[in-house]
Amino acid sequence: MTVRTRFAPSPTGPLHIGGVRTALFNYLYSRHYGGEFLLRIEDTDRERSTREATQGIIESLDWLGLDRDGQTVFQSTRVRRHAEVAHQLLAAGAAYYCYCTPEELAREREQARAEGKVWRYDGRWRDRDKSEAPPGVKPVIRLKARRDGETVLEDLVQGAVRVANAELDDMIILRSDGTPMYNHSVVVDDHDMAITHVIRGDDHLTNTFRQLQIYEALGWDKPHFAHIPLIHGPDGSKLSKRHGAQFVLEFREQGYLPEALCNYLLRLGWSHGDLEVIGREQAIALFDVADINRGPSRMDYVKLTNLNGVYIRQADDGHLTEEVMRRLHDTQGVTLDDAARARIQTLMPALKDRAKTLVDLAKSAAFLARRAPVPMDAKAAALLTPEAKTLLRDVAGSLARSDFSIAGVDAALRAFAERGGIKLGQVAQPLRAALTGSTVSPGIDATLAALGREEALARIAAAAD
């Protein structure tokens, strides 16, 4: 048997972080067993589904590196197939026409609500003849659900879960306008796509019991189910925008690396010993749904940010340079050229050591993309006293005679400080302000070397003027 999993989001809005974790678990499970991971866009809600949301889902999965097998399936293109199967059930006596009007059922629901009761459809058209149908009413098709006994789900995460069949009424599988209901469409699509394992949030448990009855009515093999707990906010409540980012592309814009986000989500409800930093290949080798926790997880943004810092320090300098260049162009309107790219990549080993997000990294690297004179923040400007400007003019002469390697710059600065009888820090701080426009940067020797002789001396001269 080839393991086939699927991710089946509805394109009614941005892809939520909970959905991403579901997609990740499906991807890892299929890859672990050498199987296939498929994408189905459940876009039958034509009023709420949008092209932008669909594009956002695909863009999110691509950014995270969750590659899919085969063509993306759009549920809206399969409505005729869903209706065909509904009529097969009807012909087999496993479903029936129901002529209740929406108004009639709405009144009953309202009455039950007023009496504090749970309303369920009573099956009144289950065994009646069509000849008794009221004129002008277009019927729906309902499944003849089992009324006795119980439905048992052997869930790969939750264990054995039972529900009495008396609690499951005869659900509608096809509306009066011929369009299918969700639970029916999902069963038909999963069967036709040969899905072997359905891994999804535990908020789908109720749907699963209804879907199992459709599988049984059709005589189709059932997939294995694994229902994973939801992700809550840090305080244990439902995750919302007041907690922080919720949607995948929000995390991208806030400067998180896709590798770090996937690593964090993998550990959010799944574990393997004390492992914290887990790359993609190792995750594929280790992942199994049997290790998923049964309880809900809590989103910890601080932990995610710290993990992101780990991944930034491990990342390729060239890749980080391109990310920084893009962000500087898009968010700060900085004009970039090959000289700026070379400076940023040269200093990247020192820059990334302090950064926890790409936003931090771009902010700390921005001075490398600018030309003299650089804009100064208030603290940097305050350092440029008349005495400091005199010092800058003097130290520029010593630096001009160095070869502008890190070692050469360091030697020149130490010799200058020693001749003047001052501490190296008294030289470094006004230099840092002149070169970067701030009071924080990587080591002053590495900063000078990255800027290069011409640019560094031009910045020092501009600050001393």
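Which residue just after α3 takes a positive phi? The residue is Gly93, and its phi is about 80°. The structure described in this report is a predicted model.

## Helix α3 and its surroundings

Helix α3 covers residues 79-91, a total of 13 residues. From its first C-alpha to its last, α3 reaches 19 Å, close to the 18 Å expected at 1.5 Å a residue.

Several residues of α3 are buried, namely His82, Ala83, Val85, Ala86, Leu89 and Leu90. They lie on the same side of α3, because they cover an arc of only 160° around the axis. On the other side of the helix, Arg80 and Ala91 are exposed. The buried residues of α3 have several packing partners: the strands β4 (95-98), β5 (140-143) and β8 (172-174), together with the helices α5 (182-192) and α6 (205-218).

Thr22 belongs to helix α1, which is formed by residues 17-32. Its relative accessibility is 12%, and the limit for a buried residue is under 20%, so Thr22 counts as buried. When neighbours within four places in sequence are left aside, Thr22 is in contact with Phe7, Ile199, Arg200, Gly201 and Ile228.

Thr305 is placed in helix α10, residues 301-314. With a relative accessible area of 18%, Thr305 is also under the 20% limit and is therefore buried. Its side chain reaches the backbone oxygen of Tyr301 at 2.8 Å. Not counting residues up to four places away in sequence, Thr305 touches Tyr256, Lys356 and Thr357.

In soluble globular proteins, nonpolar side chains tend to be buried together. In this model, the largest nonpolar core has 97 residues. Helix α1 gives the most to this core, with 8 residues. The residues with the most contacts inside the core are Leu399, Leu431 and Leu448.

Leu448 illustrates these contacts. Leaving aside neighbours within four places in sequence, Leu448 is in contact with Leu399, Phe404, Val409, Leu413, Leu431, Leu435 and Ala456. Another core, of 31 residues, lies apart from the largest one. Among its members are Ala83, Met193, Leu212 and Phe225. Ala83 is also one of the buried residues of α3.

Technical notes: Residues numbered from 1 in each chain as written. Predicted model: local features only at pLDDT ≥ 70, side-chain atom pairs only at ≥ 80, totals over all residues. Heavy atoms only, no water. Helix = DSSP H or I, 4+ residues; strand = E, 2+ residues; numbered from the N terminus. Buried < 20%, exposed > 50% of the residue type's maximum accessible area, 1.4 Å probe, protein only. Contact = heavy atoms within 4.5 Å. Expected span 1.5 Å × (residues − 1). Arc of directions from axis to C-beta. Polar contact = N/O pair within 3.5 Å; in protein donor to acceptor, adjacent residues only side chain to side chain. Core = buried A, V, L, I, M, F, W, Y, C linked by side-chain atoms within 4.5 Å.
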